[in-house]
Each structure stands twice: as C-alpha cells, then as structure tokens.
Amino acid sequence: MGNDISPRDDIWRRFPGDEWDSFDALPAAIRRRLQQHAYDAWSSNALLLWRTLRRRHASSARAETLLLRHIDHCERLEREAFAAIWQARRGTVLPHLAAAASVLRDRLPGAAQDGGAAARDASAPSAMVPAPRGGRRRARSSPRRGATPAAPRSAFGQSAATVLAAAMLALAGAVLPASGAWAQDDSPARGDQPCDEGIAVNTGSCLSGEVLADGFANTRGGVHRGVAALTQLKLGLGVDLGALAGLDGWSFQFSGFAIYGRQPTPTLVGSLSALSNAEALSTVRLGELWLQRTVDGVGSVRFGQLTADSEFFTAQSAGGLINGTFGWPLATSTALPSGGPGYPFATPGVRLAIGDPDDGTGLRAAIFAGDPAGRPGESDPQRHNRFGTNFSLQGGSFTIAEAVTGGTAPKEGALRPWVLKAGGWFHNGGFSSQRGDPTIYNSDPASAGILPDTEGPAPRLRNDYGLYGVGEAVLWRGEHGSLATFARGSLTPASRNLLGAYVDGGLAWAGPFGREADTISLGAAWARTGSDGRALDRALRARGVAVPLRDREITVEANYNYAVVAEHLSVQPVVQYISHPGAGIPDGRVSTGRGLRDAVVVGLRLRATL
C-alpha cells in the first residue's frame, strides 16, 4: 500500500547498473544500513557514490562514513516528501510520523513480528527492488538489496547564499567546462555528492564560503596600546570532475579571499607570531588553484597553485587556535623566502600522496617554487605579489615531505585517536649568514670612536633545511565531547635561520559544559633564536653597539569558540600573552637599545560559514 503516491521518481535520478551486483560490491556496513532503512533504494546509485567518494578522499573509511550519512539524509528526505503527499491526499498525519517511529527497520516497534511488517507497509512506500537474474521479484519486507537515491534536485534553491554562489560560479566559469542548465530534467541531480563543507551547487560541485571579523586590543607592552580590526571573506569551489564531466579520479579546487583592515601584529605588538591567522595586506588574493588525480588504493597527485600549510606540519587539534604560529609555524615562516607557501601565499607546485596519510598511514611530499613573492628584494613580499597571481618560479625550489601514521577516527569529522608525523624540508636557494659581516669579528674593540658597520654585507650560504615532528592524541572521548592534545617541534641550522629551535603544544576540549558545537582551545609556542644570531649580538655589544641580546619569543593563547548556530555562526573571545615580542630584537619605533616589553592582547572573532 502506498506505492501509488510514492514521489521517488520525481525527486531522484536512477543510474543504470545491475542491482544485485552493485549491492554485493558495497561494503558490509553500507549493505546493512540499506537493509535497515524502511524506504527501499537503488544499489547502482549507492555503488556510484561509494566509488566517487573513495576516489575523492583516497580513504575507504572516510568514504564509508560519508555515504552512511548521505543514505540517512536521503531516507529522511523521501519520508518527508511522502508524508507531505499523504497529508494532502488523506488529511491525516503519516502513521509512521505519528508513532514517532525510527527510520531504521531494526528499531521500529514490533519489527520482529508480522504485525510490525504490516504497519510499515501501511506507512511507507513499498518499492520493490529488482528481481535477481531469472528469478522472481522480492517484496520489500524481505532482506533487501538496494541503494540510496541521489539527493533532491532542489537542494541549491534552499540556500540563502545565492549572491556568494553567483560570484564563485562566475570565477569558476573560466576553468570549468559547461555542464548544462541545472534545471534540465535529464541532467544528474544537483547535490547528489555529499560535501565535506559548504553546499552542493551542481553535480559533484561544492561551494564553500566564510566571513571572519577579528578585533584586537593591546592592553600593555608591545609597540603601543591600541586597537586594530580586520575582516576576511574566503570563497572556495571544489569539483569532482568524474561526476561532472566523466573524468574518473580527477578533481579541481579553487579558493580566493579578500582582506580589509589593519594588521594588528605589526601595528600593536611587533611579535614574530601573527595575532590572527587571517591577517594580511588589504587586497583581493588568489588562494589555491589545482587539479588532482586520485588512484584508488594507491594515492593521489596534485598540481597547480598550492599551499604547504594546508597539509604539511599540521595538527588538527590546533585548528581552534587563532594565533598564526599554530598553523604555519614560525619555524618555517621565518626561515623561508617571503614566508614560504603558507598563508597568505600559494605558489606553483606539485604534491604526491601515497597510501592514506589523512585517515591511516601514508607519505606525502611536495615541491614548490622557492619564493612565492618572486624575489621581492627589499620590498614587502605581499605588496610584490599583491593579488597572488605572479605564479613566480624564481628563488630556487622548496621541497617538503612527511610520513604519517595513526589510528582510525570513530566517525566522520572526529579526531583520530592518535597521530604521529615525521618530516623535513629542503630549500636550494641562497641565505644570508646569521653571523653578519665577518669584519665585525676582526675589528679591534679598542678602536676609539670607531663603530663596526652593522649593516655590512653578510656572506651568502647555499641551501637551507629543517626537521620536524608532530604528535596528537585524544585523551578522553565521550558521547558528546572529547579532550585532545598536540605537540610539534622543529630544528633548523643556526647559521642560516633566525630561529634554531621551535616547540608548540596545547589542548582542545570539544563539547564543554554539554555544548557539543563549542570548543575551548589552549596553546603555547616557544621559539628560540639561533646561536649564530646571538653571537652577532655579543660581538656588537663588545664593540660598543647598544643592542639587546636576542633570545626567544613565547606565545600563549586561550580562547572559547561559542557556537551561536552550529557550523554556521560562532563568537570566539581570545586572550594572548606574548613574551619578548620579536625575540628581543629591537624595534626602532620604541627603542634601538632594548627589546619590546611583554604584551597582553584581548580579542574577539566573529565567524559566519556557508
């Protein structure tokens, strides 16, 4: 009963394929979920989604979690559509909803009894799955072989971000092939692929958007007391070219952002670490722009305009911290030309991933252009490459690689139980010696009235390199929250780098006080200057130059991310303490003879996400 008013043919598109073979090719967990659901589905659709997700993420575990979530979502949508038709035609609430019954068969009252089966038949469309080869059709109350339908065709129309979508699609139009009008009945349903973030705007296409507003007040120390604010708009478009254009295993990513406001770090504090991981020169800037080819069970290769800080030297549990050093750390941003391929720069490069470094064990390595600003000389690198479109191949090359292993996350979006990473990087460019002009060490300290030339030429040294490690662990995991910790460390040669050693670590408490979408984050970072730089300071002091002895910078942060609307709107108050801003290096705006005083900064971040 009920088949005569089933809306499934109007809201789903059925893809071709043998239903029994498709069902048998699915993982056991997917088959169980399909058999549990009260609404029959199509196995060929489920298999298509399974293969697409596995190619996209190079991870069977992640693909399985996403597909289970999508199956449940489609089940709810079909039941809602059926209930609306039932209400319109019969004038009563669908019995399934009136009884508050679960959509899973093994959780329905009386599911093990004949009466339970009869009740389900009276309250849900009983579409029959295709019969086995040469056999008879099996009624829906039998163990089923089916799959999820595609998502409804109207998903995009429900979005409140039409303006953002139009802007992003206009930008993407230059690089994406035409895919036909969305409203055509013979085109695949929009949103038939689950999006990791953002909304589905076309077959295999996901649009993401985020607006940040940061405000900071320096209450003491640093350069001077005062306030500064900035805003950032970030847009992204991810496309599965297999679903969109039949290019199996291929995907495309575009991102861009616009920044406006004062940079709080140089204007208020003068520290090496950035108070905000969103601060940059006011401009509109291209982020990443790449193609990726994924081979099931092997890995992936990505090429185009890339960033290193999106995948390398990262700690997932540090993601809630606002200070920039907990993302692309000072160990690399102070060592590499123009800060390297980390925010706000992307640069031409190629990345190779082998195995499953995101969710299991694997290796990732990449090579980038050596200077993302394109040899800016004495000018500000961000002004030299203001819009992120220099695509420079100058400055040598930067190579980075890391090996990753860890436990499997219990569900999609959850932290892995533990993760270990070991990596290193190499740059084949030229770097100034941190010991400065050799004549400083050869001059006679007793030379009356003659001071050494502190701006004299420093020898250029070939190549630079560094080693690093990352560790993460979940200390406690409950039904609605978790407590995780992370630690990172790095060593670089003192002869070429301002910093010789770097360590950071922290805690992330997800779901505090029973609020599942909230997070409390604590972090601390310690950066120690190299011995060669300190030797230069001692030599200058011995010759009567009034300079402080550089030492270290310590950053401590605490913040609370309060979700106003889960996954869409949050407020994040933050406190940061910076000890020895600039690692003791004098700032001419305050004094040339001493370092900056310790700073205490309070701030607030507002975040709205599409």
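Start by selecting residues 605 and 214: Arg 605 and Asp 214 are both buried, where buried means under 20% relative accessible area, exposed over 50% and partly exposed in between (1.4 Å probe, protein chains only). Their side chains meet in a salt bridge, 2.7 Å from N to O; that term stands for a side-chain nitrogen of Lys or Arg within 4 Å of a carboxyl oxygen of Asp or Glu. Since Arg 605 sits in strand 17 (residues 597-609) and Asp 214 in strand 2 (residues 205-222), the pair ties together parts 391 residues apart in sequence.

A word on what you're looking at. This is a predicted model, where local features need pLDDT of at least 70, side-chain atom pairs count only at pLDDT 80 or more, and totals for chains, interfaces and linings use all residues. Residues are numbered from 1 along each chain as its sequence is written, and side-chain values use heavy atoms, with hydrogens and water left out.

Now zoom out to the whole protein. You'll find 14 helices and 17 strands; these are DSSP runs numbered from the N terminus, helices being H or I with at least four residues and strands E with at least two. Of the 610 residues, 51% are buried.

Next, pick Glu 311. What does Glu 311 form with Arg 302? A salt bridge, with the closest N and O atoms 3.6 Å apart. Glu 311 also meets Arg 351 in a salt bridge, at 2.9 Å from N to O. Glu 311 lies in the loop between strand 6 (299-306) and helix 11 (330-333), and Arg 351 in strand 7 (residues 347-355), so this pair ties together parts 40 residues apart in sequence. Check the burial too: Glu 311 has a relative accessible area of 13%, and Arg 351 has 3%. For another stop, select Glu 210, Lys 234 and Arg 607, which salt bridges with shared partners join into one network. The structure holds 10 salt bridges.

Last, head for the largest nonpolar core, with 27 residues; Phe 368 and Ile 400 have the most contacts inside it. Such a core is a set of buried Ala, Val, Leu, Ile, Met, Phe, Trp, Tyr and Cys residues joined through side-chain atoms within 4.5 Å. Among the elements that each supply at least two residues are helix 11, strand 8 (362-369) and strand 9 (397-406). Select Phe 368 and look for what it touches, including Leu 306, Pro 341, Phe 398 and Ile 400; a contact means heavy atoms within 4.5 Å. A second, separate core of 14 residues includes Leu 26, Ala 46, Leu 67 and Ile 71.

Technical notes. Lists of a residue's contacts leave out its neighbours within four places in sequence.
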